[in-house]
Amino acid sequence: MATPKDSIAFVAEGTLPQLDPPANSVGPVKWLRENLFSTPANTLLTVASFYVIYMILGQVLPWVMNGLWTTGSLSECREILQGETGACFSVLTERWHQLLYGFKYPASEYWRPNLAVVLLLVAAAPVLFFDLPRKLLIFTALYPFIAYWLIWGGTILAPVVGLLGFVGAGLVFRTLGRDNFALGFIGAIGAALVVWYVGGALIPEGASDNAVLQAVPSRDLGGFMLNLMLGVTCVSLSLPLGIALALGRQSNMPLIKGICVVFIEFVRGVPLITLLFVASVMLSYFFPPDSTVDLFLRVVIMITLFSSAYIAEVIRGGLAALPKGQYEAADSLGLAYPEAMRLIILPQALKISIPGIVNVAVGLFKDTTLVSVISMFDLVGMIRGPILASTEWNGVYWELLGFAALLFFVVCYGISQYSQWLERRLATDHR
Amino acid sequence: MKKSVFLGALTVAGLAAGAAAAGTLDDVKARGKLNCGVTTGLVGFAAPDANGNWEGFDVGMCRAVAAAVLGDPAAVEFVPTTGKTRFTALASGEIDMLARNTTWTFSRDVDLKFEFVGVNYYDGQGFMVPKELGVSSAKELDGATVCIQTGTTTELNLADFFRSNNISYEPVPVETNAESQQQYLSGACDVYTTDASGLAATRATFEAPGEHVVLPEIISKEPLGPLVRHGDNEWGDVVRWTLNALISAEELGVTSANVAELAAGTDVPETNRLLGSEGTLGAMLGLDADWAKKAIMAGGNYGELFEKNIGEATPIALSRGLNASYKDGGLLYSPPFR
């Protein structure tokens, strides 16, 4: 009797050992086939892209690798290179301090702006990352005065009086503002003005002459430091102002609404460079010759007004995107206007507005280079003016402007990455 | 932008008289510093070096005035100005004098209410072309494309020149000098035109300067000089005669090397009057008797300033040309010190 075993030619008794997948459907080859060469059109695009990248790198790499770092002038660079491609980075090694701090900031005091930047990171941390302990915000509140003292130097009494003015205003607002917002607001402004006036009169003449930190006038600030200062100051000032303007524009009170609308529409309708010219040229005619307001302050005011109008419109978009039910819910809970805004409306509206606000902030930071046209020596001003006009470095463009681009890119990319983190962190919907 | 500048200029005209009422000389002496407007940077004329010290031909003028008035060539606060802010800075009193290669024109002198105290550099608009173009005269440039900075007097001069010679050209408008250099080098235009001193400075920065020629024609008059506000004649006299002292010093052979020796007294009466060992010229200006000596010691006489900053030994390599003393066939001619 034939067993089934004999009558059947072959029976598999175990599983076959696994074979490797075909070579063209694993690993890099598969990835290449799927992503780069999947269709003829795709292949064509890939080849074209590689060609473009090769062309760019073929130009840039030798230029960077052949770069010279230690020569004394452009003509020396050219002598050494003998017609070969190669960058003349020597201009950066020789003038880096001018690019970063301007050409008049005393070299022995560079640690002051450096320290101010480090402290800025500490001060900004609790604002940017709200998981950190809230107590750190006290340092954030003190930071503007510390930074002012560090960068400008002079007598410490000036920032102290400035701080006392705000403390006085805060106290008055707490006492008066509990029942009547308007009374408290006006009282706070009055208290601050009184403190500043009295304090300003009490600071002795020439107090800055022998101060611990040597006084540096605004005119001596420059370089990337000036861009950073303008950017940070103007963004942080224009954000609250922008929120106030956006709320004012939605207000039911015709006067406030009218003022906000006219302000926003007027400022948005004027190019920033015009405002800067007004700041540098026209405003000097409204003051007597001896008592002109500091140019830095004038520029800060103008840029702040400009960007606050834009931020106001961005936030208005956020407010408009909220369903009407949210406003009605706040009303039905019996919340007063400030509480409704603070607890319900603004947290949602601001979250919606984050990409827009960051967009304005990045744009504003780059717009600070416009101050070079009113003879302030920011990073671009330093390049266009003094450095390109020196006999040694006239004719060096790519190296200098590339360095400027790199600095701006680092900062702007950082801001952009932060905003994306913030959006993910605040995402409460389940998309 | 243009409009705000225009409004600024109007206001300048209105306010200049008022701002100038106080004596600038007394202000400068009381302040102990001269506020001198310069450019934000022009090769050879004014630019800060790696240590932040201002250098250049126009800077030398500021230092000479500071030395004459205050006795210290370092007692200068240099206020950088752009082409757009320079006149308002002067009119509003932010600066005491402007030494910023500014062309002396009728309307600036009369309408904007400024006082040009003299000419420290005679410039004029010229053309630069690549050698391979084989052009030897600007009149052969029929049909050429020309890189030209917009909104400048050079633009108007160019149109005038081509029209009066009945030839045509195609303008390539550019915004800044740096941009025009790049455009010219990349071949976007056949001809580059600006002031001759600027052409020389630009050509000096090229990788192969020998492949470019500056054509002989100079098609405009650009007398550059320091200026002060209208209406303060005492201060205007100080700046004017400081400039004249530098020019006279070259005529009389007084240099920064021998001025100390000559100040003790010489056989040349005018040198003695200039340097204060004879007469009371300094007192007439309201300055010390040795004001001119200090001004010359600050950076040398006119010729020394020229050679050190823009002369043939520098990369800019400008020849004296019109800016030679009248004795050498140039236009520099100081009124006598008497």
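Two residues are said to be in contact if their C-beta atoms, placed from the backbone, lie within 7 Å. The model is predicted, and local features need pLDDT of at least 70, side-chain atom pairs count only at pLDDT 80 or more, and totals for chains, interfaces and linings use all residues. Residues are numbered from 1 along each chain as its sequence is written, while chains are lettered from A and ligands numbered from 1 in the order in which they are written.

Chain B is divided into domain 1 (2-122 + 224-328) and domain 2 (125-220), with bounds that come from an automatic or database domain assignment. Between the centres of these two domains of chain B, taken over C-alpha atoms, lie 30 Å, and 9 residues of domain 1 are in contact with 5 residues of domain 2. On the domain 1 side of this meeting there are 7 nonpolar, 2 polar and no charged residues, where Ala, Val, Leu, Ile, Met, Phe, Trp, Tyr, Cys and Pro count as nonpolar, Asp, Glu, Lys and Arg as charged, and the others, Gly among them, as polar.

As for chain B as a whole, its C-alpha atoms fill a box of roughly 60 × 45 × 40 Å, taken along the principal axes. Among the contacts in chain B with a separation of 6 or more, 72% are accounted for by residues 24 or more positions apart.

In chain A, Phe403(A) and Tyr148(A) are 255 residues apart in sequence and 27 Å apart in space, C-alpha to C-alpha. Leaving aside neighbours within four places in sequence, Phe403(A) is in contact with Leu92(A) and Leu99(A).
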